[in-house]
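My entries follow, in the order I made them.

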Amino acid sequence: MDEILAKKLRILADAAKYDASCASSNAPKRSAGKDGLGSTTGAGICHAYTPDGRCVSLLKILLTNYCLFDCVYCVNRRSSNVRRARFSVDEVVTLTVEFYKRNYIEGLFLSSGIIRSPDYTMEQMTLVAKKLRRDHGFRGYIHLKSIPEASPWLVEEAGLFADRLSINLELPTEASLARLAPEKSGATIETAMGRIGERISQARAEKRRFSPAGQSTQVIVGADATDDSAMITKSAMLYGSYGLSRVYYSAFSPIPDASVTLPPQAPPLKREHRLYQADWMLRYYKFTAPEVAEATDGGMLALDIDPKLAWALKNRHLFPVDVNRADREMLLRVPGLGTRAVDAIIKARRHTSLRLDDVSRLTSGLKRAREFLVAEDYRPGATSQRLDLRAKLAEPAQQLSLF
Amino acid sequence: MLSEGADLAGFRRATRRLVAAGVPPERIVWEIGEATSLFGAGADPSDGPPLQLPRAVGELIPMVVPHSDPERYALLYTLIWRATQGERALLDVASDPLVHRLHLMRKAIGRDLHKMHAFLRFRRVEAGPPERFAAWFEPEHHILEAAAPFFVERFRSFAWTILTPEGSVHWDTDTLRFGPPGRREDVPDGDGFEAGWRDYYESTFNPARLNLDAMRAEMPKKYWRNMPETAAIPRLVRDAAMRTSQMIERGPQMPVKRDPVKAVAAMSDQNPTSLDELNAIIQRSEPLVPGATQAVLGEGPIGAPIAFVGEQPGDQEDLQGRPFVGPAGQLFSRAMEQAGLTRGDVYVTNAVKHFKFTLRGKRRIHEKPTAGEVSHYRWWLDRELEFVQPKIVVALGATAVLALAGKAVPITRNRGPFEFGGKPFQGFITVHPSYLLRLPDEEAKAMAYEGFVDDLRRIGDLAA
């Protein structure tokens with residue numbers, strides 16, 4: 001690999017890393033043809049982990065970090081002084097194919113700064129995907145960032161080649177967008193999401209291929225004053241209205257060359273983690289956004305306990321729940337029991353009556369769960385009514401910095 | 001006595017015999033070693049009769065056999081024994097200590113397989129063609145055979161070799177062969193793209209989010225020595241705090257370059273400004289359903305008072321690249337002439353711009369576009385009509401109505417002038433000329449044709 005390409009790769013990978021999504025999941029299962037390259041597994045594969053604990057699954061790069069927009073939270077905004085670079089379409093294709101052959105990656109996640117025009121940029125990104133699929137028989141995963149300001153037909157063409165399309169909302173309210181991302185408009189973004197969502201569901205119904213792994217988005221946490229309950233309400237709306245597969249939460253992270261409007265600060269990682277858990281409540285535990293809001297204190301999720309536990313502590317009258325009798329929906333609300341544990345409980349109790357020991361083999365969250373459940377040989381007793389239960393179950397304050 | 005590694009066949013033979021002989025698990029000692037030959041070929045005898053096992057048990061066995069725990073066969077045999085002694089739903093009871101342990105073992109195998117698929121790194125041995133790659137990997141369990149098909153499905157088009165301390169596997173673009181153990185030294189110690197990969201790994205790391213526990217949980221240290229990128233980890237970790245505090249201390253920066261206002265203004269002006277530009281975009285674009293020869297564009301003068309919108313190009317239209325030139329198109333031209341309209345004076349186009357068909361023998365049989373495809377092409381049609389600026393737009397058939405109205409509208413009930421909603425032109429609905437061709441009965445055909453010509457006359461009057 002020559003040095004110029006390596007230099008570009010360093011700049012354009014650095015510029016792309018603030019996008020949280022790296023998932024390679026949900027694509028239809030494919031395998032390589034005779035002369036083709038690549039396959040998809042359904043669940044996706046993380047090929048490495050960086051010391052920030054995040055998975056490296058896709059080659060996540062920008063086509064270019066030149067950008068006409070001036071979003072203050074973004075390291076690539078036009079008023080930033082970072083070094084700029086631009087890949088040619090063929091360079092991205094080569095990097096993807098050669099990295100893939102060495103089993104470094106599952107595929108490509110391509111995004112870009114806006115150059116010349118949104119349409120031109122979108123065309124170039126689609127061209128990369130098209131060349132990979134056409135010229136190299138590439139059957140690995142392709143995630144394209146779509147540009148909401150680009151013409152609809154270009155975004156729709158991208159969906160023919162990509163496994164997933166995404167549009168980043170970045171800021172959950174129109175007011176924050178106006179202040180921090182002056183060229184963007186919430187209405188434009190959501191219109192584009194709606195259109196993609198509609199195309200995806202039509203194509204599924206008509207058994208055509210169009211962004212089969214769905215669409216996702218990202219919102220930045222901690223760059224504006226939006227509280228957690230508003231954030232989750234927004235997510236519930238995005239899942240409901242546009243059929244999103246995922247909403248990613250990205251703690252606002254200090255960037256080199258930060259803007260005056262948004263000075264650098266330590267990223268609120270714990271808050272981001274709690275938002276993911278709350279999001280999980282929406283998607284897997286069948287909570288509604290108002291119920292998640294009940295788990296907050298004045299709109300913010302507690303940092304020392306997980307939101308499902310917070311909800312249960314505020315709704316103690318609904319517990320304890322009998323693991324041998326309760327329905328699935330209620331079992332899912334028990335802190336410390338995940339979907340897998342609940343399914344295993346339901347399966348097992350058809351044949352036997354579960355004791356606490358049995359439950360302990362089905363979940364790793366028994367410490368929390370035991371205060372909220374009844375088993376064949378066990379009742380939680382007085383502790384579950386104690387006022388200091390919360391303190392007992394809270395995680396010890398973690399030291400985030402190592403130094 | 002079973003052989004080293006994942007001896008599924010040996011375990012199956014032994015189990016069949018033992019169950020048939022009614023030997024309970026506590027009376028068996030499972031031994032693993034290379035001594036199978038001691039018995040001689042004849043001594044490791046016939047299979048017992050096949051067992052009728054619950055499906056879940058049958059599926060679990062091959063997923064636990066590769067485990068490195070020497071107890072694996074004994075545990076599996078106990079499971080099989082209990083299943084044959086009446087506990088057929090045993091695997092559903094995940095809380096049972098035996099089932100729990102086997103589930104954990106299966107999970108460990110799944111994880112080991114997953115990590116092998118994830119963390120194995122190929123290095124190029126020969127530039128080819130065909131290219132040849134090689135890798136060294138140290139799995140925790142006996143999973144080489146189970147892991148290999150994944151690599152075949154993914155890397156079918158080039159040759160590769162995977163070496164492990166227990167055995168090797170080779171793919172020559174056609175067949176998969178298993179061989180003797182390899183050595184780390186048999187794989188070249190570098191690759192032209194490894195430095196680039198390391199660069200990528202370092203650049204994609206965000207020092208402000210350092211979280212070593214999360215990294216180690218997913219990528220335990222034992223895998224590191226065979227992964228080229230991990231060499232950078234100590235330095236990345238050491239420098240992370242400093243890089244982050246520098247970013248925060250350095251604070252906000254004033255931009256050196258000022259806003260390129262002009263470029264931003266130019267950027268918003270990206271929509272096609274003429275019909276030619278729009279047509280160029282349509283021609284460049286992919287057909288939504290693969291197969292069409294070319295996009296068939298609209299035809300006729302800008303400012304034409306009447307625009308006709310058909311369904312989608314047919315076989316002839318697709319080959320010639322012009323709308324309404326097939327049998328239906330010819331009928332349409334004849335009817336227009338009779339109604340006193342000149343084809344050259346009106347604009348004709350289609351709701352969908354690409355031909356869609358199914359092959360029946362050598363014939364390409366027209367296939368109706370789906371609602372999703374129609375809405376996909378709607379953007380272009382709307383733009384196109386904005387440029388042409390007709391006084392009246394005629395929807396020929398249901399697909400055109402769907403495209404113009406954005407929803408399905410029954411044709412027979414709404415035939416005649418129609419308001420498509422929010423459009424700067426009058427609307428009109430009539431049948432598609434191909435409908436006239438399809439009518440089976442000659443008399444009905446003649447009547448329908450007259451009706452169609454009448455509609456065209458009315459349209460001519462409305463546009464005048």
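I began with the secondary structure of chain A, which comes to 15 helices and ten strands. Helices here are DSSP runs of H or I with at least four residues, strands are runs of E with at least two, and both are numbered from the N terminus. I noted that this is a predicted model, where local features need pLDDT of at least 70, side-chain atom pairs count only at pLDDT 80 or more, and totals for chains, interfaces and linings use all residues. Residues are numbered from 1 along each chain as its sequence is written, while chains are lettered from A and ligands numbered from 1 in the order in which they are written.

**Entry: overall form of chain A.** I found a C-alpha trace spanning about 65 × 55 × 45 Å along its principal axes. Buried means 20 or more other C-beta atoms within 10 Å of a residue's own, exposed means 12 or fewer, and partly exposed lies in between, with C-beta atoms placed from the backbone.

**Entry: domains.** Chain A is divided into domain 1 (3-210) and domain 2 (316-393), with bounds from an automatic or database domain assignment. Their C-alpha centres lie 42 Å apart.

**Entry: helix α7 of chain A.** I picked residues 228-242, a helix of 15 residues that reaches 21 Å from its first C-alpha to its last, close to the 21 Å expected at 1.5 Å a residue. The expected span is 1.5 Å times one less than the number of residues. Which residues of α7(A) are buried? They are A:D228, A:S229, A:M231, A:I232, A:S235, A:L238 and A:Y242. These buried residues pack against α6 (186-205), β7 (215-221), β8 (246-251), α8 (269-283) and α9 (289-294) of chain A. Just after α7(A), I found A:G243 with a positive phi of about 60°.

Entry: The peptide bond from A:F319 to A:P320 is cis, with omega near 0°, and A:P320 sits in the loop between α10 (307-314) and β9 (321-322) of chain A. A:N103, a residue other than glycine, has a positive phi near 65°; A:N103 counts as buried because it has 21 C-beta neighbours inside 10 Å. A:S211, also not a glycine, has a positive phi near 40° and lies in the loop between α6 and β7 of chain A.

**Entry: where the chains meet.** I counted 79 residues of chain A in contact with 69 residues of chain B, contact meaning C-beta atoms, placed from the backbone, within 7 Å. Leaving aside its neighbours within four places in sequence, A:R10 is in contact with B:D199 and B:S203. A:R10 is found in helix α1 (residues 3-14) of chain A and is partly exposed, with 18 other C-beta atoms within 10 Å.

**Entry: the core.** The largest nonpolar core has 221 residues, and those with the most contacts inside it are A:A158, B:A307, B:V309 and B:V394. Such a core is a set of buried Ala, Val, Leu, Ile, Met, Phe, Trp, Tyr and Cys residues joined through C-beta atoms within 7 Å.

Notes. Contact = placed C-beta atoms within 7 Å.
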